[in-house]
Amino acid sequence: MTKLLQVSDLRVTFESGFGKVDAVRGVSFSMDMGDAIAIVGASGSGKTVLGRSMLGLVDAPGVVHGSIRFDGEEIVGRSEKELRDIRGLGIGMVFQDALDGLNPVYSIGSQLSEIFTVRRGLSASQAKAESIRLMEQVGIHRASERYDNYPHQFSGGMRQRICIAMAIGMKPKILIADEPTTALDVTVQAGILRLIKSLQAETGMGLIFVTHDLAVARMISTRIVVMYAGQIVEEGLTEAIFQNPTHPYTRALLAAHPGRVRSWRDLEPIPDAFVTDSSGSEAENSTPQVVVTN
Ligand SMILES: Nc1ncnc2c1ncn2[C@@H]1O[C@H](COP(=O)(O)OP(=O)(O)OP(=O)(O)O)[C@@H](O)[C@H]1O
Ligand SMILES: [Mg+2]
């Protein structure tokens, strides 16, 4: 049977006057409807580039090799127009940086409503009602009063929640969420994670969730993919990875909170330990990782 998503030997390279970066180095994995994959790994390990390549959003000078099949259709090498259709039909993404996802010159409400009028054929008044309902679902209080606000009138966390609302409003077959809740406070984060999970249960969409937070990964995913320096170094069922990590990098990640990741609420960021990348130099060490606080 055709896989919902089949990634084979994906390679992404950025080459410029400053040198060459192999951001993704031969990544292969697949997913079906209903799968929830968490991608974890240190800063610079290629998680965002991997996510963006699935929407054909790798910017120049990035070059993509290999194959990404969505519902049997090849994504690598497609024109921008074809990619727009594919994205519209089935793959949605919430970006790490909320400013990527909203247009500053249109009101929040009009950007949300457009999804329902254009993509789902609702009338203007139905679309407004649906938008306000979604705004409330992602925790925007007095949503009907905020409907006509512009992005600059929202806080960063609120904009991020609007981006999440827009992505799930499209009812994608696959939702790629790149650290979507990292900037949000804990109670809002909990609500968003629950919303994404319940939506997934309801629609059977595939979920690819990039996070630094192993407890979030445990809560949201059925499978975990561990990336290190552009490669998948470990992959397996979430509980199996927590019970029995095999790769030294995964062990090191888990060692930051010895066997106690019961709930992601127990966790708080701490600076990452030094990580040696494939070229032998020390990668950035400012990445938040996780530790148990109590
Ligand atoms: N446009 C670009 N030009 C050149 N190099 C890039 C570009 N985008 C990403 N890279 C490089 O690709 C590598 C992977 O970056 P990526 O953003 O995917 O990491 P990440 O795992 O998402 O990290 P983080 O956890 O910090 O978000 C890094 O070495 C980065 O510097
Ligand atoms: Mg990233």
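Mentor: A crossing is left-handed if the near helix is turned anticlockwise from the far one by less than a right angle, and right-handed if clockwise. Helices here are DSSP runs (H or I, at least four residues), numbered from the N terminus. This is a predicted model, where local features need pLDDT of at least 70 and side-chain atom pairs 80 or more, while totals for chains, interfaces and linings use all residues. Residues count from 1 along each chain, chains are lettered from A and ligands numbered from 1 as written, and side-chain values use heavy atoms, without hydrogens and water.

Trainee: Which hand is the crossing of α3 and α4?

Mentor: Right-handed. The axes of α3 (108-119) and α4 (124-137) come within 8 Å and cross at roughly 115 degrees. Axes are lines fitted to C-alpha atoms over the stretch in contact, with angles from 0 to 180 degrees between N-to-C directions.

Trainee: What makes the contact between α3 and α4?

Mentor: Contact means heavy atoms within 4.5 Å. Leu112 and Phe116 of α3 are among the residues involved, as are Ala127 and Leu134 of α4.

Trainee: What surrounds ligand 1?

Mentor: 13 residues, Gly44 and Gln96 being among the closest. Each has a heavy atom within 4 Å of the ligand. Helix α1 gives the most, three residues.

Technical notes: Helices (H or I, at least four residues) and strands (E, at least two) are DSSP runs, numbered from the N terminus.
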